[in-house]
Amino acid sequence: MPSVNHVGITVSDLDRSLDFYTRLLGGEHVGSWERSGPRIDAVTGYPGVVVRQAFIRLLEGAALIELLQYVGGSGQRVEPDHGHVGVAHVAVDVTGLDALLARLRGEDVTVLSEPIVASEGPLEGHRVVYVLDPDRVRVELVEAPHQTGAGSGTERPARNREIA
């Protein structure tokens, strides 16, 4: 598989989710569209649906997060708990994790635990923690080793700018 183009998340309120992924997590809003009509009815399987769509680009990299609100869709909510087969999550590289978590908590974002350090595998040494987006979708915040934020003297070159 060459690369991931984007990850789509169905949301209940596009504007609220845009605020979370841009203002709170520091993503760049790169466009919004509203789509409807026979082609959209056919591709979604929901006759008469209006799809509100927005893309978020993270601070660096090519992958996008696509937010989709289906106005007139099923209306059924899926419990996005990781214990349910088929549930996915988004992992976002960050620096300054502690400051970001303090800011998110100040905005009443649910943080599921204190960060842990991965002890093996491709994330060995990284600090990771899950937070919940406005629809309770888990978003994993991943901080590479020694990327504690500007001015600590222990950083190595970051792939992403600090978003805190």
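Helices (H or I, at least four residues) and strands (E, at least two) are DSSP runs, numbered from the N terminus. On that basis, the protein chain of this predicted model runs β-α-β-α-β-β-β-α-β-β-β along the sequence, with three helices and eight strands in its secondary structure. Local features need pLDDT of at least 70 and side-chain atom pairs count only at pLDDT 80 or more, while totals for chains, interfaces and linings use all residues. Residues are numbered from 1 along each chain as its sequence is written, and side-chain values use heavy atoms, with hydrogens and water left out.

**Chain totals**

- Of the 164 residues of the protein chain, 35% count as buried, where buried means under 20% relative accessible area, exposed over 50% and partly exposed in between (1.4 Å probe, protein chains only).
- The protein chain exposes about 9,500 Å², and carbon and sulfur atoms supply 52% of that area; accessible areas come from the Shrake-Rupley method with a 1.4 Å probe, and for residues only the protein chains shown count as cover.
- Among contacts (heavy atoms within 4.5 Å) in the protein chain with a separation of 6 or more, 53% are between residues 24 or more positions apart.

**Largest pocket**

- The largest pocket holds about 750 Å³ of space.
- A pocket is found on a 1 Å grid over the protein atoms alone, as an open set of points where a 1.4 Å probe fits, with protein on both sides within 12 Å along at least five of seven lines; lining residues have an atom within 4 Å of a point.
- Grid points are joined across faces, edges and corners, and the volume is the space filled by probe spheres set on the points.
- Its lining has 23 residues, and those nearest the centre of the largest pocket are Thr10, Val11, Gln76, Arg77 and Val78.
- Strand E1 (6–10) and strand E4 (64–71) each supply at least two lining residues, and E1 gives the most, with four.
- The lining comprises eleven nonpolar, ten polar and two charged residues, with Ala, Val, Leu, Ile, Met, Phe, Trp, Tyr, Cys and Pro taken as nonpolar, Asp, Glu, Lys and Arg as charged, and the others, Gly among them, as polar.

- Helix H1 spans residues 14–24, and its buried residues include Leu14, Ser17, Leu18, Phe20, Tyr21 and Leu24.
- At the start of H1, a side-chain oxygen of Asp13 comes within 3.1 Å of the backbone nitrogen of Asp15.
- Gly26 follows H1 and has a positive phi, near 85°.
- Arg23 lies in H1 and is partly exposed, because its relative accessible area is 43%.
- The side chains of Arg23 and Glu107 make a polar contact (3.0 Å); such a contact is a pair of N or O atoms within 3.5 Å, and within protein one must be able to donate a hydrogen and the other to accept it, with residues adjacent in sequence counting only if both atoms are side-chain atoms.

**Asp135**

- Asp135 sits in the loop between strand E7 (127–132) and strand E8 (138–143).
- Asp135 counts as buried because its relative accessibility is 9%.
- Its side chain makes a polar contact of 3.3 Å with the side chain of Arg16.
- Beyond neighbours within four places in sequence, Asp135 is in contact with residues including Val11, Ser17, Arg77 and Pro80.

**Arg127**

- Arg127 belongs to strand E7, and a polar contact of 2.8 Å joins its side chain to that of Asp98.
- Arg127 and Pro145 are 18 residues apart in sequence, with 7.2 Å between their C-alpha atoms.
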